[in-house]
Amino acid sequence: MQAGDARLLHTRIGGRFVDLPGTLDGIREALPEDRREEFDRAVGSVPLAHVPLVAARWGLPAEAVEEDDALLARLEAGDGTGFVGLHEPGKVARG
């Protein structure tokens with residue numbers, strides 16, 4: 001797949017730009033073979049409205065999942081440094 005391909009998602013992970021699979025088939029193909037059945041069960045068992053969230057989580061490399069988990073742990077511990085609430089439109093979070 002090439003840049004500009006609608007079957008790719010473009011994002012930043014760890015401060016660098018990366019391309020991720022943008023289809024369920026692409027996510028499944030990118031997984032190690034021994035995790036594909038688990039992926040099929042996960043995507044196939046959630047309500048349709050949740051499929052994008054589940055698929056996005058499965059499509060992330062381990063580095064991004066660890067980054068997200070670390071941010072969530074900070075928030076759960078009460079550290080909101082660098083986060084902006086919904087009541088502050090137009091502001092950009094600075095770390």
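Leaving aside neighbours within four places in sequence, tryptophan 58 of this predicted model is in contact (heavy atoms within 4.5 Å) with Ile27, Leu31, Arg35, Glu38, Phe39 and Ala42. Residues are numbered from 1 along each chain as its sequence is written. Because the model is predicted, local features need pLDDT of at least 70 and side-chain atom pairs count only at pLDDT 80 or more, while totals for chains, interfaces and linings use all residues; side-chain values use heavy atoms, with hydrogens and water left out.

Trp58 also belongs to the largest nonpolar core, which has eight residues, the others being Ile27, Leu31, Phe39, Val43, Val51, Val54 and Ala55. A nonpolar core is here a set of buried Ala, Val, Leu, Ile, Met, Phe, Trp, Tyr and Cys residues joined through side-chain atoms within 4.5 Å, and buried means under 20% relative accessible area, exposed over 50% and partly exposed in between, with a 1.4 Å probe and protein chains only. Two or more residues of this core come from each of α2 (36-45) and α3 (51-59), and α3 gives the most, with four residues. In soluble globular proteins, nonpolar side chains tend to be buried together.

The helices α2 and α3 pack at an angle of about 160 degrees, with their axes 9 Å apart, where axes are lines fitted to C-alpha atoms, for helices over the stretch in contact, and angles run from 0 to 180 degrees between N-to-C directions. The two helices are therefore roughly antiparallel to each other, since angles over 145 degrees count as roughly antiparallel, those under 35 as roughly parallel, 65 to 115 as roughly perpendicular and the rest as oblique. The contact is made by Glu38, Phe39, Ala42 and Val43 of α2 together with Val51, Val54 and Trp58 of α3. These residues divide into six nonpolar, no polar and one charged, with Ala, Val, Leu, Ile, Met, Phe, Trp, Tyr, Cys and Pro counted as nonpolar, Asp, Glu, Lys and Arg as charged, and the others, Gly among them, as polar.

Alanine 56 is likewise found in helix α3, but is partly exposed, with a relative accessible area of 41%. The C-alpha atoms of alanine 56 and glycine 22, which lie 34 residues apart along the chain, are separated by 8.5 Å. Phenylalanine 17, found in strand β2 (residues 16-21), is exposed, with a relative accessible area of 66%.

The protein as a whole has four helices and two strands, taken as DSSP runs numbered from the N terminus (helices H or I, at least four residues; strands E, at least two). Buried residues make up 19% of its 95 residues.
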